[in-house]
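Open the model in your viewer and keep the sequence at hand. The stops below say what to select and what is there.

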Amino acid sequence: MATKNTAEIGFEKEIWDAACVLRGNMDASEYKNVILGLIFLKYISDSFDEKYNALVEEGEGFEEDRDEYDADNIFYVPSGARWKDIAEVAHKPEIGTTIDTAMAAIEEENKKLKGILPKNFARPELDKRRLGEVVDLFTNVKMTDGMDEKDLLGRTYEYCLRNFAEQEGKNAGQFYTPSCVVRTIVEILQPYNGRVYDPCCGAGGMFVQSANFVKNHQGNINNISVYGQESNPTTWKMAKMNLAIRGIDCNLGEIPEDTFLNDQHPTMKADFIMANPPFNLTPWGADKLKEDQRWKYGMPPASNANFAWIQHMLWHLAPNGRMGMVLAKGSLASESGGEGEIRKNIINTDLVECIVLLPSQLFYTTTIPVCLWFLAKEKRQKGKTLFIDAHNMGTMVSRSLKELTDGTDNPEDNDIGQIADTYNRFIDGTLEDVPGFCAVVTTEKISEQGYVLTPGRYVGHGEQGDEEPFEEKMGRLTDELSDLLEQSHGLEEIIRENLGLIGFPLR
């Protein structure tokens, strides 16, 4: 009889520990696909079995009818590729080949999965004995829609993604955005229904949190339509699996492709846009896109794609749409390559609704503070922008990583809730400024500050004054210095480029 595991007794950690044992000499980026592929295979097999058994009980002979599964958005798993077939050979030398064959057969039966599933379990460097032990772990837990077992698999997938991101470090940015950052964006935008778009979707975390938000508020995830794009082929496949495992239908384009150079959704207008684009991306194809219609507010510099991302998203925003995105803090004040003028034009068009400065150490890929931009085509508070300085928020969860709290451990300790509540009170017109934390500022005052959007310019320093602890002050100042140095690199590239154009390249 199968053992019923739950998240509370650590199934996610058990799977992760098994992944670490299975790793052997493989890089994290390689065995990531092994574990996530097995989670996906187990999930779709259990979902299929549940529907199959229901059809058998009906006694109409439709248990092998593909249409019965398609109607419920369930992947059809052919005989020989079902989990019981995998489990039977878990401790035989051919386990790797059996899994590869099963993955290929499932792709053949489901066009949505064509070319998506990993099929490299038979490779010699993958220890087949340990692979069989991991298969046993999955065999001993039943994962279907009942009793939140489906959520258990989704949480396991998320748990493994987070841990893989920690192990891959700097390279993790292309597929993983910290869930606390994603939840902050989702709690502010509240995407209950409509088209949700992420032009650099990574592993699909924005979409997952949107679906969770709708579900947690007694909504229907079928009321949102998901559109995305991702250029990295491996990450694109990961996103497809991540969304499928949670029953989220999606359109991530026909192929993994560069968003700027080959937009997979050229005419789509989204009600909600949420994204964590690559920080300060260069090069990004500026030389091929000089006359592009998306640059309504100014041509972005070739040395930095931050304002190309902003304008790409604004181009795809519906008339009443709203968007939230993560950017490097330097985007709030940079002047290089015409960025200051682009920012000025966006502000004067009354599109910037809220700016949130986040703490440092939230990301595996950078220790510097980042910020959230929230823009809207039709602002509720016209001519005003909310600034939130949350750089002192968050709790250290390891020696190098911080998280924004969500009230799970202590309802009174809810960083995400406090930020979202501040935004909601601003929208309702009931918010009062809190020195050192938040301020509502007119566009006129922003113009007086040279169109700089750094929250510290407007919220002040609260009550700390000169009593700011030395370590905190040094941390804040070194963060600011890192930001300035980052901007200087961009300026250096601009200078080199301009000197080259007039025939005096730097040697």
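In what order do the nine strands of the open sheet lie? The order is β3-β2-β1-β4-β5-β7-β6-β8-β11, and the pairing is mixed. Strands pair here if DSSP finds at least two bridges between them. Strands (E, at least two residues) and helices (H or I, at least four) are DSSP runs, numbered from the N terminus.

This is a predicted model, in which local features need pLDDT of at least 70 and side-chain atom pairs count only at pLDDT 80 or more, while totals for chains, interfaces and linings use all residues. Residues are numbered from 1 along each chain as its sequence is written, and side-chain values use heavy atoms, with hydrogens and water left out.

Next select 317-328 and 370-376, which are β5 and β7; the two strands pair in the antiparallel sense over seven bridges. Arg322 has Ala376 in β7 as its bridge partner.

Axes are lines fitted to C-alpha atoms, for helices over the stretch in contact, and angles run from 0 to 180 degrees between N-to-C directions.

**Asn276**

Now select Asn276, in the loop between β4 and α11 (306-315). Is Asn276 buried or exposed? Its relative accessibility is 11%, so Asn276 counts as buried (buried means under 20% relative accessible area, exposed over 50%, partly exposed in between, with a 1.4 Å probe and protein chains only). Show side chains: those of Asn276 and Thr177 are joined by a polar contact of 2.9 Å. A polar contact is a pair of N or O atoms within 3.5 Å; within protein, one must be able to donate a hydrogen and the other to accept it, and residues adjacent in sequence count only if both atoms are side-chain atoms. Neighbours within four places in sequence aside, Asn276 is in contact (heavy atoms within 4.5 Å) with Thr177, Cys200, Met206, Val326 and Phe363.

**Two helices**

Move to 95-109 and 128-139, helices α5 and α6, whose axes are 9 Å apart and which pack at an angle of about 55 degrees. Ile95, Gly96 and Ile99 of α5 meet Lys128, Leu131 and Val135 of α6.

**The whole protein**

Finally, show everything: there are 16 helices and 11 strands. Of the 507 residues, 51% count as buried.
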